[in-house]
Structures are given as structure tokens and as C-alpha cells.
Amino acid sequence: MLSNNPTSHAGGRTLPEGEALLSVRNLKKVYHTDAGDIEAVRNLTFDLGRGELVCLVGPSGSGKTTLLKCIAGLLNSTSGEVRLDGQVITGPPKKMAVVFQEYGRSLFPWLRVAENVELPLKNAGVPKEERKRLVQEALEAVGLAHVPKSYPWQLSGGMQQRVAIARAVAYQPEVLLMDEPFAAVDAQTRADLEDLIRSVWKKLGVTVLFVTHDIDESIYLGERVIILSSSPTIVQEDILIDLPAERDQLETRSLPRFTELRHHVYAEIQKAKQGHRPEEAITMVAK
Amino acid sequence: MKTLKSVGFLLGLPIILLLWWWLATSGAPNFFVPTPAKLLTTFVETWIGERLITDVLPSIMRLVVGVLAAIVLGIVLGLAVGLNRTMRAVTEPVFEFFRALPPPVLVPVLMLLVGINDGMKIAVIISGCIWPVLLNTIEGVRSIDPVQNETSRSYGISGFARIRYQILPSATPTIMAGVRQALSIGLILMVISEMFASSSGLGFTIVQFQRSFAVPEMWSGIVVLGLIGVALSFIFQAVERRVLRWYHGLKEVENAV
């Protein structure tokens, strides 16, 4: 299709034993409902190395949120496992933070901005002085140091999501999971928040798994993009994004390489929607 | 100017009613309805003095203790029941039954069980005030936002910390609605509990006046009850405004969109 194919990998990339920070192995999730079983996720295997920024992209209804909740320890998988630093995840791990799509419902409206950011630290028993410092730093990192005393609902949607990001950052996680965090904000705010994620990722060296349905966003943000098939979900393709490390909303998005990658991912998603499934991936993960 | 206006709104209708009452009673005296001036002097004579200490304060104490106990019990039980699906299913029909019982019918029962004392009167108040608090707490806890739950879980906020930081604050608007109902039920039950087998208290005194045809005194007792009700409502509003500042702000923002 393209003369210059991206470095791609059918099925999810795995790392040698012991090198992955987060590893997903043969993950399967079946929902049991009164109307019968629904297989949301069939078989997913991939690894995240320490410090990677990986985007998961897939057609709508491809079980992205299900996958993320299994990784976050909020949902039990039907079979297969997720390991963080070698430890099998059975509940929400301490070294993980989640940013939800519904920022308005994820922030506690009875707490002020700084209190929202502080709460997980307070609960974890972090001493007061250190808490204050972490909250201050996190709010500065997301550009909200000027509104610690506001309530979240007094802020715009984009600012609320910044508070949620600050809360996650202040928690000092090793892995930051983001579930379509910018799906509900307007396009301009979205561009700012994308740049914010890149800068936070670079500054803190945190490992980020970013779920989105937006192809452009996944390529612009990610160092690697995992394309999911439609439900029941498997990994359709796992590609490396060989764009320059310094991303810029105008420059990067107008690079020919960006366009090529975009074409490629778009075509894969279209294939996924039509029900194409890479047999190779299935046999590979099944071994 | 603004305060002047709000004072006007506050006192306007009471002044009109007073004037109307004064006009209606000043012409032909009616034995059963005293004039405002007569009621005022009777009020001062009757209530400012010994009765304040022997009757009014004990009544208010019982009311405060009963209502506070009902609120605490209602919230604690409501949390226990609301957080547990099985408990909810088991207890809800029973609660509906008890709630449907008019608390005054419990007065004779409690007189036998607890005896004729302050404890009985407080028990009557609790038995009526607990239901709105309890049922509203259950409802508030039950309808908690699933995204908030996932947030708590993913940040390891569980057990008592979760109740304190997430569940209670989130259920507070519903709980406060229950507390408001409990207050007015409490005032009614305070009076009723003192009407049976009692030798002091506001309810007892008012009944005494009525039976001895001390009509202006009886009216003045009713005024005392009204004043207590107004005071309770002001205290409630002040507390509610403080506790639920976030909630009213949030609603305002949501309604503006």
C-alpha cells in the first residue's frame, strides 16, 4: 500500500522476560449477561517497556475501555494475566494512576482543586509537607498553579481534565493509564492537552498507556501505536512511530511521514471494521 | 439598600399579618382570641422567668438530643445498609413498615417499656425522626456515581477512608433533605410526647392552659413553639449552606449550561 511501510509488527510486541514494566498476556474478557455471553476481548498480548508512551487505538466498541480497566485492576479478566513489574495484577496497583474520560464525575465536586490532587496522597499516608510540595509541583506541571482554591466545577472542561492529570501525576505512578481523556473537550483544548501529556511524559519519565479512538491523536502522541481489531478484540498491528521526538501541532502534523502513518493506521482500522483479523497474530499469541 | 430590601422581605408579611390580627381583634373582644398587645404581655409574663427554665429549656434539650441521636443513628445505619446489597433487600420492607407507623401510637408502648421519663420522650422523638434520615442515607449511598467509585478504587481509597472522603460527602445532599424532614417531625413529637403522662415541658404546659381556659397563655405557648420552629429552620439553613456550598454551586453551574 505504501512505499515506505512503518516498522510494524502483526500482533503485540513483547519484550524478553524481565524487561517489560507492564505485560499483558493472552488477556480475555467475557461479560456474562442475562442475554448471553459477550466476548469483549478475545486474546491480547503485548508489553510496555519502562518509560514508553504507547497509544491504543481501535474502532469504537473494540473493547478499549474493557482492556484498560482490566489493566487498571478495576475489572477481573476471564483468563490471561496482566503483570506490573512482574507482579500479577489482581486489584488496582499502587504504582498506577488512571485518568478517566469523564473528568466531571471523576473529580470530587466537594473538594477544591488542590484537595482533589492531594486526596490520594493523604490516603496513602504521605507526610503533609511532602504532600504540599507534590500538589504544588503537579499543579504547576499542568499549568493550574493559580487556581488551587477553586472547585473543579468552576473550571472549564479542559481545566478539569488538567486537574485530573495533576492528581494522577502527583500520585507518582510508574504507569499512567488514560482512557480517552480528551474525547469530551473541544479541539483547541485538546491540542493543548496533547502537548501537555508529551511534556509531562518527558519530564517525569513515566510510562503512559493512552487509549483513544482518534487516529491522528494516537500518532501525534505515541512513540508506538497498538491497533486493536473490532470486538472480540485482538491486536491488529503494533507499529513504531518514527516521528521526531519534538512534536509540534503544526510542524509534526504536516510532515509527510505523519501523513503516511495516518494513512496506514486509518487503513488498518478500516480493515478492522470490516472484520479483517490477522491470523498470524492469533497463532502468535496462542503459542 | 440590598440589606434593607431583604429585611423588608423578611418582615413584610409578618407585619401585615400582625396588623390584620390587631384590626380584627381591636373592635369586638373575643374571649378565645386575645389582642396582640394582650398576647405580648401574657407572653412575657408566662415565659420569661421560671417557666423558661422548668419547661422550655428541658423541652428544647429533649428535642435537640432526640434529633441529634436520630441523625447519627440514621446515618450510621443508613451507611451500613446502603453499602450492602443484601442488607438493603432484607431491611427495606421492614423499614417501610416501621416508617408507616405514626410515632404518637408508640407513646403508650414506650411508656410501658422505657417508663415515664426523659428517656421515653427522647425515644419517641428518635422513633419518628430516624426514618427520613435513615432512608435518605440509604438512597444517597445507593445512588453513588460509579466513576467516583472507580476513582476511589484506582487510588486505593477504601474502607473507612472511602466512607469519609467519598461516600458521605457525595450522599450529603440527600441526607440533608432527610434531616430537614426530621426537624419538623421532631418538633411535633416533642409536643406530643409531653402531652401524655407528663408534669413539665411545653406540650404539658400548653395542654394545662387549655384545660384551665387560660386562653392567652395557651396562645403564647403556641407562639413559643412557632419561634422554636423558626429558630431550628434558621440553624438548619445556616448549616446546610456551609456543608453544601459545593452542591449549590455545582447545581447553579449545571443549570446555567
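Predicted model: local features only at pLDDT ≥ 70, side-chain atom pairs only at ≥ 80, totals over all residues.
Chain B is built from 11 helices and 0 strands, and its elements accordingly read α-α-α-α-α-α-α-α-α-α-α along the sequence. The C-alpha trace of this chain spans about 75 × 60 × 30 Å along its principal axes. Of its 257 residues, 32% count as buried, and among the contacts in chain B that link residues at least 6 apart in sequence, 74% join residues at least 24 apart.

The UniProt record, an unreviewed entry, lists "domain: ABC transmembrane type-1" at residues 56–240 of chain B. In the model this stretch is 86% helix and 0% strand, with 26 Å between the C-alpha atoms at its ends. The unreviewed UniProt entry also places the feature "transmembrane region" at residues 7–24, 60–83, 95–116, 122–138, 182–206 and 218–239 of chain B. Among these segments, residues 7–24 of chain B are 100% helix and 0% strand, and their end C-alpha atoms are 26 Å apart; residues 122–138 of chain B are likewise 100% helix and 0% strand, with the end C-alpha atoms 24 Å apart.

In chain A, strand β9 (residues 207–212) is largely enclosed by the rest of the structure, because 6 of its 6 residues are buried. The burial extends to both faces of β9(A), with Thr207(A), Leu209(A) and Val211(A) covered on one side and Val208(A), Phe210(A) and Thr212(A) covered on the other. Strand β4 (residues 53–57) of chain A runs parallel to β9(A) and is joined to it by 5 bridges; within this pairing, Leu56(A) has Val211(A) as its bridge partner. A parallel pairing over 5 bridges also links β9(A) to strand β8 (residues 175–179) of chain A, where Met178(A) is the bridge partner of Phe210(A).

Between the two chains, 19 residues of chain A are in contact with 18 residues of chain B. On the side of chain A that touches chain B, the elements giving two or more residues are α2 (103–106) and α3 (113–123) of chain A, and α3(A) gives the most, with 3 residues. By residue class, this side of chain A divides into 14 nonpolar, 2 polar and 3 charged residues.

The largest nonpolar core holds 84 residues, of which Val117(A), Ala166(A), Leu177(A) and Val225(A) touch the most other members. Helix α5 (residues 157–170) of chain A supplies the largest share of this core, with 8 residues. When neighbours within four places in sequence are left aside, Val117(A) is in contact with Val135(A), Ala138(A), Leu139(A), Val163(A), Ala166(A), Arg167(A) and Ala170(A). Apart from this core lies another, of 41 residues, whose members include Ile75(B), Cys129(B), Val141(B) and Met218(B).

Definitions and conventions: Residues numbered from 1 in each chain as written. Chains lettered and ligands numbered in written order. UniProt positions renumbered as here; feature names shortened; annotations may be inferred. Helix = DSSP H or I, 4+ residues; strand = E, 2+ residues; numbered from the N terminus. Buried ≥ 20, exposed ≤ 12 C-beta atoms within 10 Å, placed from the backbone. Pairing = 2+ DSSP bridges. Contact = placed C-beta atoms within 7 Å. Nonpolar A, V, L, I, M, F, W, Y, C, P; charged D, E, K, R; others polar. Core = buried A, V, L, I, M, F, W, Y, C linked by C-beta atoms within 7 Å.
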